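My notes follow in the order I took them.

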Amino acid sequence: MTFTISDTTYGTDTPAAKNAMYDDLRPQLQGLLHGESDLIANTANFSSLVFNSMPGLNWAGFYFLKGDELVLGPFQGKPACIRIKKGRGVCGTTVVEGKSIVVPDVHAFPGHIACDVNSRSELVVPVRGADGAIVGVFDLDSPHPNRFDQTDADGIESLVKLLEATLA
């Protein structure tokens, strides 16, 4: 399969603009994932695609569940926290709750872990293995308050589902 990475500048000011962005990112990610099953390669390309395509981000990456903590995986952005306990911060809470979490203002989230003091909003989506169990999370940070909403959560979840298909 061949694929093209778009150099489109996406808008995020309306749900329609965001949906158009995710509609464009899905086939690009499918092309990157096609025929590849290596977790590190796929998550590295996934984070790079999202970080370099979506406006208003300062971090995009993965944490993988190892025992009772999340361990840093492939990412784009400044250096990050390496280990996060289940239930701590937005990433650890996502594992415990088993669902995506949109945080409009990280300063208002109890127990937020500030890896980058410039982050103001966050979106974390669980990643599930073939058996449906959570194996990690995909984390997005933005220096802009209210950067993420349910449209973003739905869009990133649709991208994560494409990655999950490679974990079977």
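**Entry 1: helix α3**

I started with helix α3 (residues 89-97), which is mostly covered, with seven of its nine residues buried. I take buried as under 20% relative accessible area, exposed as over 50%, and partly exposed as in between, with a 1.4 Å probe and protein chains only. Helices (H or I, at least four residues) and strands (E, at least two) are DSSP runs, numbered from the N terminus.

This is a predicted model, so I noted the limits: local features need pLDDT of at least 70, side-chain atom pairs count only at pLDDT 80 or more, and totals for chains, interfaces and linings use all residues. Residues are numbered from 1 along each chain as its sequence is written, and side-chain values use heavy atoms, with hydrogens and water left out.

Which residues of α3 are buried? I listed G89, V90, C91, G92, T93, T94 and V95. Next I looked up what covers them. The cover includes β1 (59-66), β2, β3, β4 (101-103), β5 (121-128) and β6. Just after α3, I found G98 with a positive phi of about 70°.

**Entry 2**

Two packed helices are described by the angle between their axes and the distance between the axes. I use axes as lines fitted to C-alpha atoms, for helices over the stretch in contact, with angles from 0 to 180 degrees between N-to-C directions.

The axes of α1 and helix α2 (residues 39-53) come within 10 Å and cross at roughly 155°. That makes α1 roughly antiparallel to α2. The cut-offs: under 35 degrees is roughly parallel, over 145 roughly antiparallel, 65 to 115 roughly perpendicular, and the rest oblique. The α1 and α2 crossing is right-handed. A crossing is right-handed if the near helix is turned clockwise from the far one by less than a right angle, and left-handed if anticlockwise.

I then listed the contact residues, with contact meaning heavy atoms within 4.5 Å. From α1 they are L25, Q28, L29, L32 and L33; from α2 they are N42, N45, F46, L49 and S53. By class I got six nonpolar, four polar and no charged residues. Ala, Val, Leu, Ile, Met, Phe, Trp, Tyr, Cys and Pro count as nonpolar, Asp, Glu, Lys and Arg as charged, and the others, Gly among them, as polar.

**Entry 3: α2 against α4**

I checked α2 and α4 next. They pack at an angle of about 155°, with their axes 11 Å apart. α2 and α4 are therefore roughly antiparallel to each other. α2 passes α4 in a right-handed crossing. On the α2 side I noted N42, T43, F46 and V50; on the α4 side, I156, L159, V160 and L163. These divide into six nonpolar, two polar and no charged.

**Entry 4: salt bridges**

Side chains of opposite charge can pair when their charged atoms come close. My rule for a salt bridge is a side-chain nitrogen of Lys or Arg within 4 Å of a carboxyl oxygen of Asp or Glu. How many salt bridges does this rule give? The count is seven.

I looked at K18 and D149. Their closest N and O atoms are 3.1 Å apart. The pair links distant parts of the chain: K18 sits in helix α1 (residues 15-33), D149 in the loop between β6 (134-142) and α4 (150-164), 131 residues apart. K18 is buried at 4% relative accessible area. D149 is partly exposed at 29%. Leaving aside neighbours within four places in sequence, K18 contacts G11, T12, R147, D149, T151 and D152.

D23 and R26 pair with their closest N and O atoms 2.2 Å apart. They are three residues apart in helix α1, so about one helical turn separates them. D23 is partly exposed at 46%, and R26 is partly exposed at 24%.

K85 pairs with E69, the closest N and O atoms being 4.0 Å apart. K85 lies in strand β3 (residues 83-85) and E69 in strand β2 (residues 69-77), so the pair ties together parts 16 residues apart in sequence. K85 is partly exposed at 40%, whereas E69 is buried at 16%. I also found that salt bridges with shared partners join K18, R147, D149 and D152 into one network.

**Entry 5: a loop residue**

Last, I looked up N146, in the loop between β6 and α4. Its phi is near 60°, a positive value in a residue other than glycine. Is N146 buried or exposed? N146 is exposed, with a relative accessible area of 56%.
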